[in-house]
Structures are given as C-alpha cells and as structure tokens.
Amino acid sequence: MSGTDKDTPHYTALDDAITTYLRRHEMTQAELADELGMSENSLSWKRRGIRDWNVSEAVKVCNIVGITLDEAVAVPTA
C-alpha cells in the first residue's frame, strides 16, 4: 500500500530505532534493506513516511532493531 506525506504516518520511534541500529552495527541502509528483502529506496521511503510499512515488514524490522511494534508506532507526546 502506498501513501503520501499527508496520509502516511511517519513513525519517528521506528526511524530512530533504525538509525541507532545502523550506527551500532556499522551498517548501511542498503545492507539493512537487503536483510529486509527490499530495495534501499523502499526502505528510505518507508522511513520517511512516503510509503506505508505492511505488517510483516514492520514486524521484521522491529525484530531486527530490537523494539516492539507498540514502541514503533507510539505517538510522541509533547
């Protein structure tokens, strides 16, 4: 399912967890995308909220980066 910046949520917690994981493991986004079975562009679009994560992708990336799905979709409080 694809979306736009207006109707696709940007999961800040998930993006932050991915960034932390990449830094800790000295991995590139391309390497993580390969592990997830998607292109680097797809991962980038999903991280920026341009494309939706499907459930299986979200579960897989959460398992890899070490957060729960609930943590990934948590809405930041001000």
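Which residue forms a salt bridge with Asp15, and how far apart are the closest N and O atoms?

**Entry 1: the ground rules.** I am working on a predicted model, in which local features need pLDDT of at least 70 and side-chain atom pairs count only at pLDDT 80 or more, while totals for chains, interfaces and linings use all residues. I number residues from 1 along each chain as its sequence is written, and the side-chain values use heavy atoms, with hydrogens and water left out.

**Entry 2: salt bridges.** I searched the whole structure for salt bridges, taking each as a side-chain nitrogen of Lys or Arg within 4 Å of a carboxyl oxygen of Asp or Glu, and the search gave 2 of them. The partner of Asp15 is Arg47, with the closest N and O atoms 2.6 Å apart. Asp15 sits in helix α1 (residues 12–24) and Arg47 in helix α3 (residues 40–48), so this pair ties together parts that are 32 residues apart in sequence. For helices I rely on DSSP runs (H or I, at least four residues), numbered from the N terminus.

I then found Lys46 in a salt bridge with Glu57, where the closest N and O atoms are 3.0 Å apart. Lys46 belongs to α3 and Glu57 to helix α4 (residues 55–65), so the pair ties together parts that are 11 residues apart in sequence.

I also looked up burial, where buried means under 20% relative accessible area, exposed over 50%, and partly exposed in between, for a 1.4 Å probe and protein chains only. Both Asp15 and Arg47 are buried; Lys46 is buried at a relative accessible area of 12%, and Glu57 counts as buried at 18%.

**Entry 3: the buried face of α3.** Which residues of α3 are buried? I list Leu43, Ser44, Lys46 and Arg47. Seen down the axis of α3, these fall within an arc of 165°, so they line one face of the helix; the arc is that of the directions from the helix axis to the C-beta atoms. I note that α1, α2 and α4 are among what covers these buried residues, contact meaning heavy atoms within 4.5 Å. Just after α3 comes Gly49, with a positive phi of about 85°.

**Entry 4: α2 against its neighbours.** I took axes as lines fitted to C-alpha atoms, for helices over the stretch in contact, with angles running from 0 to 180 degrees between N-to-C directions. Helix α2 (residues 29–36) packs with α3 at an angle of about 100°, their axes being 8 Å apart. That makes α2 roughly perpendicular to α3, a label that I use for angles of 65 to 115 degrees. In this contact, Gln29, Ala30, Leu32, Ala33 and Leu36 of α2 meet Glu40, Leu43, Ser44 and Arg47 of α3. I sort these residues into 5 nonpolar, 2 polar and 2 charged, counting Ala, Val, Leu, Ile, Met, Phe, Trp, Tyr, Cys and Pro as nonpolar, Asp, Glu, Lys and Arg as charged, and the others, Gly among them, as polar.

For α1 and α2 I read an angle of about 110° and axes 10 Å apart, and the two helices are therefore roughly perpendicular to each other. Ile18, Tyr21 and Leu22 of α1 meet Gln29, Leu32 and Glu35 of α2, and by class this contact has 4 nonpolar, 1 polar and 1 charged residues.

Entry 5: Not counting residues up to four places away in sequence, I find Leu22 touching Met27, Thr28, Gln29, Leu32 and Arg47. The C-alpha atoms of Leu22 and Val65 are separated by 8.6 Å, although the two residues are 43 apart along the chain.

Glu26 counts as exposed, at 73% relative accessibility.

Entry 6: I find Glu57, Ala58, Val61, Cys62, Ile64 and Val65 buried in α4. They cover an arc of only 160° around the axis, which puts them on the same side of α4, whereas Val55, Ser56 and Asn63 are exposed on the other side. The buried residues of α4 pack against α1, α2, α3 and α5 (69–72). After α4 comes Gly66, with a positive phi near 85°.

Conventions:
Parallel < 35°, antiparallel > 145°, perpendicular 65-115°, else oblique.
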